[in-house]
Amino acid sequence: MADSTVERLRAERRETVAQIETLGQVVEGIVTAQTGTATDDEHDPEGQTIAYERAQAGALLQRARDRLVAIDRALERVADDSYGRCERCGRPIDPERLAALPATRTCITCAAARR
């Protein structure tokens with residue numbers, strides 16, 4: 001596998017780790033802000049906003065964590081020389097798809113079939 005692919009995956013990994021750290025701080029800040037405040041999400045107009053922000057930040061954090069797992073798996077596939085092959089059908093993944101989604105595990109045909 002080309003060194004540029006490994007470097008790109010490593011760069012995306014670094015960015016994702018930084019994003020996880022930032023989002024973790026955001027979620028922690030929201031939780032800390034709520035601690036000690038007697039908010040009733042149902043009746044307090046601010047409560048609904050805080051709950052929404054916490055849920056949204058939590059979802060973004062989980063998505064970033066999932067992305068980190070996908071990147072780590074892609075780096076494992078590079079190491080065992082299976083990177084670039086579809087995990088479902090075994091055929092090569094189109095290079096354009098890999099350029100757009102370097103951590104992808106499936107070809108476009110198999111990805112579309114999952115929907």
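In which helix does Val78 lie? Val78 lies in helix α2. This is a predicted model, in which local features need pLDDT of at least 70, side-chain atom pairs count only at pLDDT 80 or more, and totals for chains, interfaces and linings use all residues. Residues are numbered from 1 along each chain as its sequence is written, and side-chain values use heavy atoms, with hydrogens and water left out.

**Overall build**

- The protein chain has four helices and zero strands; helices (H or I, at least four residues) and strands (E, at least two) are DSSP runs numbered from the N terminus.
- Along the sequence the pattern reads α-α-α-α.
- Of the 115 residues in the protein chain, 29% are buried; buried means under 20% relative accessible area, exposed means over 50%, and partly exposed lies in between, with a 1.4 Å probe and protein chains only.
- Among contacts (heavy atoms within 4.5 Å) between residues at least 6 apart in sequence, 54% join residues at least 24 apart.

**Helix α1**

- Helix α1 covers residues 3-34, and its 32 residues should span 46 Å at 1.5 Å a residue.
- The expected span is 1.5 Å times one less than the number of residues, and the end C-alpha atoms of α1 are 46 Å apart, which agrees.
- The buried residues of α1 are Thr5, Val6, Leu9, Glu12, Thr16, Ile20, Leu23, Val27, Ile30 and Gln34.
- Gln25 also lies in helix α1, but Gln25 is exposed, with a relative accessible area of 58%.
- The C-alpha atoms of Gln25 and Ala57 are separated by 9.9 Å, and the two residues are 32 residues apart along the chain.

**Nonpolar cores**

- A nonpolar core is a set of buried Ala, Val, Leu, Ile, Met, Phe, Trp, Tyr and Cys residues joined through side-chain atoms within 4.5 Å.
- The largest nonpolar core has 13 residues, and Leu9 and Tyr83 touch the most other members.
- Helices α1 and α2 each supply at least two residues of this core, and α2 gives the most, with four residues.
- Apart from this core lies another, of eight residues, among them Ile20, Ile30, Ala57 and Leu68.
- In soluble globular proteins, nonpolar side chains tend to be buried together.
- Leaving aside neighbours within four places in sequence, Leu9 is in contact with Ile71, Ala74, Leu75, Val78, Tyr83, Pro102 and Ala103.
- Val78 is buried, with a relative accessible area of 17%.
- Val78 and Leu9 are 69 residues apart along the chain, and their C-alpha atoms are separated by 9.9 Å.

**Loop between α3 and α4**

- Ala103 has its place in the loop between α3 and α4, and Ala103 is buried, with a relative accessible area of 10%.
- Not counting residues up to four places away in sequence, Ala103 touches Leu9, Ala70, Ile71, Ala74 and Arg77.
- From Ala103 to Leu68 the separation is 35 residues in sequence and 9.4 Å in space, C-alpha to C-alpha.
- Thr106 lies in the loop between α3 (95-100) and α4 (108-114), and Thr106 is buried, with a relative accessible area of 8%.
- Contacts of Thr106, leaving aside neighbours within four places in sequence, are with Cys86, Arg88, Ile93, Arg97 and Ala111.

**Largest pocket**

- About 230 Å³ of space lies in the largest pocket; grid points are joined across faces, edges and corners, and a volume is the space filled by probe spheres set on the points.
- The lining consists of Arg67, Ala70, Arg73, Arg97, Leu101, Ala103, Thr104, Arg105, Thr106 and Arg114.
- Helix α2 (residues 45-79) provides the largest share of this lining, three residues.
- By class, the lining has three nonpolar, two polar and five charged residues; Ala, Val, Leu, Ile, Met, Phe, Trp, Tyr, Cys and Pro count as nonpolar, Asp, Glu, Lys and Arg as charged, and the others, Gly among them, as polar.

**Loop between α2 and α3**

- Asp81 lies in the loop between α2 and α3, and Asp81 is exposed, with a relative accessible area of 63%.
- Phi of Asp81 is near 65 degrees, a positive value in a residue other than glycine.
- Most residues other than glycine have a negative phi.

Terms used
On a 1 Å grid over the protein atoms alone, a cavity is a set of points where a 1.4 Å probe fits but cannot get out, and a pocket is an open set with protein on both sides within 12 Å along at least five of seven lines; lining residues have an atom within 4 Å of a point.
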